[in-house]
Amino acid sequence: MDISVVNALTYEEFVNLFGNVVEKCPIISAAIWSHRPFKDLADIEAHIMGFIHSLPDSGKEGILRCHPDLAGRDLQSGTLTRESREEQSQAGMTTLDSAEIQHMYRLNSKYKERFGFPFVICARLNNKADIVRQLNERLKNDRAAERERAIEEVKKICSLRLNNIVLSDIQTKL
Ligand SMILES: NC(=O)NC1=NC(=O)NC1=O
């Protein structure tokens, strides 16, 4: 996708395209629209990361709370966003047996009880064994360290979603 096409988008078109690069946080794209014209995709990503970085701890935790649990209620009830469903499916979350689902539920609940926000990991870069291992490992972190760790995962998810948007646009043009 040519950056001049992105820069020519209306506000509504821009948020419609980029509004879910951070799960259920369209405010981020709505905010960075003010920085157009963008030099390139990396510039868009840099503004998104800058917005997240500038948030107070409560704002970062708010972003984390917008993420659905892995193998959680939203997946079981079919209410995941398209992006999230694809990501969770890729990590093997949609083919867990009932014991594995229960195990994830217990780990997610323990994590949420400790930190006050859900466990977030870039599902596309991990399989189900990695996810369980990371969940157990990261439970040992203190809150501040874990908040930053989880936000790093949000940034990875965002980066992959941004690239997906550009790639899928190129494919439609081929
Ligand atoms: N709690 C989560 O980590 N959720 C997710 N990670 C992803 O990569 N997609 C999700 O829905």
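Tutor: Y111 and F115 both lie in helix α8 (residues 98-115). They are four residues apart, about one turn of the helix. Helices here are DSSP runs of H or I, at least four residues long, numbered from the N terminus. This is a predicted model: local features need pLDDT of at least 70, side-chain atom pairs count only at pLDDT 80 or more, and totals for chains, interfaces and linings use all residues. Residues are numbered from 1 along each chain as its sequence is written, and side-chain values use heavy atoms, with hydrogens and water left out.

Seven aromatic pairs occur in the structure (rings of Phe, Tyr or the six-membered ring of Trp, centres within 6.5 Å). For Y111 and F115 the centres are 4.6 Å apart and the planes meet at 55 degrees, so this pair is tilted. Planes under 30 degrees apart would count as stacked, over 60 as edge-to-face, and the rest as tilted.

Now the ligand. Its shell consists of P68, L70, S84, E87, Q88, F119, V120, I121, C122, A123 and I157 (a heavy atom within 4 Å). Helix α7 (residues 82-90) supplies the largest share of that shell, three residues. By class, the shell has eight nonpolar residues, two polar and one charged. Nonpolar covers Ala, Val, Leu, Ile, Met, Phe, Trp, Tyr, Cys and Pro; charged covers Asp, Glu, Lys and Arg; the others, Gly among them, are polar.

Next, the polar contacts (N or O pairs within 3.5 Å). A backbone N or O atom of F119 is 2.8 Å from a ligand nitrogen. A polar backbone atom of P68 is 2.9 Å from a nitrogen atom of the ligand. Q88 uses its side chain: a polar atom there is 3.4 Å from a ligand oxygen. The protein covers 99% of the 290 Å² of accessible area that the ligand has on its own (Shrake-Rupley, 1.4 Å probe). The ligand sits in the largest cavity. A cavity is a set of points on a 1 Å grid over the protein atoms alone where a 1.4 Å probe fits but cannot get out. Sitting there requires more than half of the molecule's atoms within 2 Å of its grid points.

Finally, two backbone details. The R36 to P37 peptide bond is cis, with omega near 5 degrees. P37 belongs to the loop between α3 (26-32) and α4 (41-54). K24 is not a glycine, yet its phi is positive, about 55 degrees. K24 lies in the loop between α2 (11-18) and α3.

Terms used: Polar contact = N/O pair within 3.5 Å; in protein donor to acceptor, adjacent residues only side chain to side chain. 1 Å grid on protein atoms, 1.4 Å probe; cavity = no way out; pocket = protein on both sides within 12 Å on 5 of 7 lines; lining within 4 Å. Helix = DSSP H or I, 4+ residues; strand = E, 2+ residues; numbered from the N terminus.
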